[in-house]
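Hi,

Here is the structure I promised to pass on.

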Amino acid sequence: MSGRLEGQVALVTGAAQGIGKAIAKALEAEGARVISLDRQPSAHIQFDLSNTESIPDLVSGLDPLPTLLVNAAGLCLTRSFFETEPEGFTKTFQINVLAPFLLLQKLAERWIAVGQRGTIVNIASNSGFMPKLEQLDYGASKAALISLTRSSALSLGPYGIRVNAIAPGVIDTPLTQEIAKRRAELRGVSPEETLAPVVGSLPLRRMGQSEEVAELVVFLASDQSSFITGQTYVVDGGQLMR
């Protein structure tokens with residue numbers, strides 16, 4: 001039995017760990033050929049997305065041409081409001097907003113040139129819908145990515161290119177654990193004490209798993225979602241519902 005994504009070629013950023021790694025695995029399980037991109041040498045393409053000026057050349061050299069782009073890479077710096085410095089703010093937006101935009105823009109140009117319909121899934125965050133106490137620039141960048149998703153979908157829809165986003169909440173990943181450690185340092189408590197109140201407030205009373213996000217990516221990449229574009233799906237255990 002063939003998978004839902006048989007014949008597709010997927011470029012997945014941030015694919016070395018966490019949500020990106022789970023997405024790459026899920027896409028492969030459904031028959032897609034995955035090109036992984038990450039700073040880590042384990043990826044097919046080792047690339048630092050803060051190097052935004054090199055992205056056009058990166059995309060022009062992709063062979064085979066991807067039919068699916070998943071922007072899963074992200075930077076989340078944790079510090080207080082007054083410790084938020086211009087350099088970190090700028091780098092957060094470079095990786096979380098400008099890099100995804102350039103990747104989708106340059107891929108869309110290649111798709112249009114050859115008459116290829118393509119699909120883009122941006123991994124945003126429910127932080128884009130809520131205030132962030134110690135991650136101001138992260139929340140702002142994810143709000144920008146959500147807006148970018150809608151605007152890109154509007155511009156690219158006439159070419160048969162779909163653009164959607166997923167906004168995860170608290171997902172059990174290495175990044176989440178690192179954030180908990182940093183918050184613990186800032187607040188003078190244990191990492192568990194920073195996570196427990198958040199998880200306990202969720203209607204589902206647990207953290208999400210990367211695979212639960214990955215399955216939604218598969219759906220949005222498949223023909224099952226062929227009439228869906230410009231949408232952001234919140235996967236956060238009901239956090240925003242409260």
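Below is what turned up, going from the sheet to the cores and then to a few side chains.

Two bits of housekeeping. This is a predicted model, so local features need pLDDT of at least 70 and side-chain atom pairs count only at pLDDT 80 or more, while totals for chains, interfaces and linings use all residues. Residues are numbered from 1 along each chain as its sequence is written, and side-chain values use heavy atoms, with hydrogens and water left out.

**The sheet**

Seven strands make an open, parallel sheet in the order 3-2-1-4-5-6-7. Helices (H or I, at least four residues) and strands (E, at least two) are DSSP runs, numbered from the N terminus, and two strands pair if DSSP finds at least two bridges between them. At the edges sit strand 3 (45–46) and strand 7 (232–235), each pairing on one side only. Strand 4 (residues 68–71) and strand 5 (residues 119–123) run parallel and are joined by four bridges; V70 has V121 as its bridge partner in strand 5.

**Helices across it**

Helix 1 (residues 18–29) lies across strands 1, 2, 4, 5 and 6, at about 170 degrees to strand 1. Angles run from 0 to 180 degrees between N-to-C directions, with axes as lines fitted to C-alpha atoms, for helices over the stretch in contact. Helix 7 (residues 210–221) lies across strands 4, 5, 6 and 7, at about 165 degrees to strand 6. From first C-alpha to last, the twelve residues of helix 7 reach 17 Å, close to the 16 Å expected at 1.5 Å a residue (the expected span is 1.5 Å times one less than the number of residues). Among the buried residues of helix 7 are V213, L216, V217 and L220, where buried means under 20% relative accessible area, exposed over 50% and partly exposed in between (1.4 Å probe, protein chains only). The cover over the buried residues of helix 7 includes helix 1 and strands 4, 5, 6 and 7.

**The cores**

A nonpolar core here is a set of buried Ala, Val, Leu, Ile, Met, Phe, Trp, Tyr and Cys residues joined through side-chain atoms within 4.5 Å. The largest has 29 residues, and L49, I55, L103 and I120 have the most contacts inside it. Strands 1 and 2 and helices 2, 3 and 4 each give two or more residues to this core, with helix 3 giving the most, seven. A second, separate core of 27 residues includes I23, A32, I171 and V213.

Leaving aside neighbours within four places in sequence, I120 is in contact (heavy atoms within 4.5 Å) with residues including L69, L104, W111 and V163. T52, in the loop between strand 3 and helix 2, is buried at 8% relative accessible area.

**Aromatic pairs**

There are two. Rings of Phe, Tyr and Trp (its six-membered ring) pair if their centres lie within 6.5 Å; planes under 30 degrees apart count as stacked, over 60 as edge-to-face and the rest as tilted. F81 and F82 are edge-to-face, at 5.0 Å centre to centre and 80 degrees between planes. F81 is exposed at 52%, and F82 is exposed at 78%. F89 and F93 are stacked, because their centres are 5.2 Å apart and their planes at 10 degrees. Both lie in helix 3, four residues apart, about one turn. F89 is partly exposed at 30%, as is F93 at 25%.

Cheers
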